[in-house]
Amino acid sequence: VPFVLYADSTLDDADWAVYEELESVDALMRALNGRGFREKALKEQLRAQRSWIALGFEKSAKAKAEKEARRAEEAAAAAEAAASQEEEEKRAEAETEVPVTEGEEKSEAEAAEGGGTEVEKEAEAMEMDAKTDAGEKSEAVANETK
C-alpha cells in the first residue's frame, strides 16, 4: 500500500502526494523546515509514524511479490493444462485411427478394380447358389408336370 499524504495548506487549496518508497518519505522529512509551524507539525507526525509507514511499505512489497508469484504459478499451471489437453487429444486421435493391414489394402485395391472384397464375393456366391437352386427346382417342377 503506498503512503498517501494529504496536506491542507488552505481550505480551498488541498494537495495530495503519493509515495511508493520509504526513501521518498525520508527525503520529504529531511526537506521539511522545522521552523515553520505546519512543516514542523508534519515532520513530527511523520517521525512518530515512521515505523508504521515502514511496516506498510514492507507489507505492500511482500503482498506484491506474493501476487506476482501466484500469477506465475497460475500461468505455469494453465500452460501445463493446455499441453496436457493437447497431448490427450493427440492420444485419443491416434487411438481412433485404425491401422490398415496388407490384406485390407489388397481387398480395397480389388474392390476399386471391381473384384470386390471377400464379403462381397461371398455374398455374390450365395446369390448365385440361390439362383441355381431356384433354377434347378423350376426345371424339376417342369419335368414332373410333363
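This is a predicted model: local features need pLDDT of at least 70, side-chain atom pairs count only at pLDDT 80 or more; totals for chains, interfaces and linings use all residues.

1. On the overall layout, the chain has four helices and two strands. Read from the N terminus, the order of the elements is β-β-α-α-α-α. The chain has 146 residues, and buried residues make up 11% of them.

2. The packing of α1 against α2 deserves a paragraph. The two helices meet at an angle of about 165°, and their axes are 10 Å apart. Angles over 145 degrees count as roughly antiparallel, so α1 is roughly antiparallel to α2. The crossing of α1 past α2 is left-handed.

3. Which residues of α1 and α2 meet? On the α1 side they are Leu 22, Val 25, Asp 26, Leu 28, Met 29 and Ala 31. On the α2 side they are Glu 39, Lys 43, Leu 46, Arg 47, Arg 50, Ile 53, Ala 54 and Phe 57.

4. The largest nonpolar core has 10 residues. Its members are Tyr 19, Leu 22, Val 25, Leu 28, Met 29, Leu 32, Leu 46, Ile 53, Ala 54 and Phe 57. The elements contributing two or more residues to this core are α1, spanning 22-31, and α2, spanning 37-96. As background, nonpolar side chains in soluble globular proteins tend to be buried together.

5. Charged pairs come next. Side chains of opposite charge can pair when their charged atoms come close. The count here is four salt bridges. One of them joins Asp 26 to Arg 50, with 2.8 Å between the closest N and O atoms. This pair links distant parts of the chain, since Asp 26 belongs to helix α1 and Arg 50 to helix α2, 24 residues apart. Asp 26 and Arg 50 are also among the residues through which α1 and α2 meet.

6. Arg 50, at 28%, counts as partly exposed.

7. A further salt bridge pairs Lys 90 with Glu 86, and here the closest N and O atoms are 3.6 Å apart. Both residues lie in helix α2, four residues apart, or about one turn of the helix. Lys 90 counts as exposed because its relative accessibility is 55%, which is over 50%. Glu 86 has a relative accessible area of 46% and is partly exposed.

8. Returning to Glu 87, what does its side chain pair with? Glu 87 forms a salt bridge with Arg 91, the closest N and O atoms being 2.9 Å apart. Because Arg 91 and Glu 87 are four residues apart in helix α2, about one helical turn separates them. Arg 91 is partly exposed, with a relative accessible area of 38%. The pair also belongs to a network of salt bridges that links Glu 87, Glu 88 and Arg 91.

9. A last point concerns Ala 61, which is placed in helix α2. At 47% relative accessibility, Ala 61 counts as partly exposed. How far is the C-alpha atom of Ala 61 from that of Glu 20? The two C-alpha atoms are separated by 9.9 Å, while the residues are 41 apart along the chain.

Definitions and conventions. Residues are numbered from 1 along each chain as its sequence is written. Side-chain values use heavy atoms; hydrogens and water are left out. A nonpolar core is a set of buried Ala, Val, Leu, Ile, Met, Phe, Trp, Tyr and Cys residues joined through side-chain atoms within 4.5 Å. Buried means under 20% relative accessible area, exposed over 50%, partly exposed in between (1.4 Å probe, protein chains only). Axes are lines fitted to C-alpha atoms, for helices over the stretch in contact, and angles run from 0 to 180 degrees between N-to-C directions. Angles under 35 degrees count as roughly parallel, over 145 as roughly antiparallel, 65 to 115 as roughly perpendicular and the rest as oblique. A crossing is left-handed if the near helix is turned anticlockwise from the far one by less than a right angle, and right-handed if clockwise. Contact means heavy atoms within 4.5 Å.
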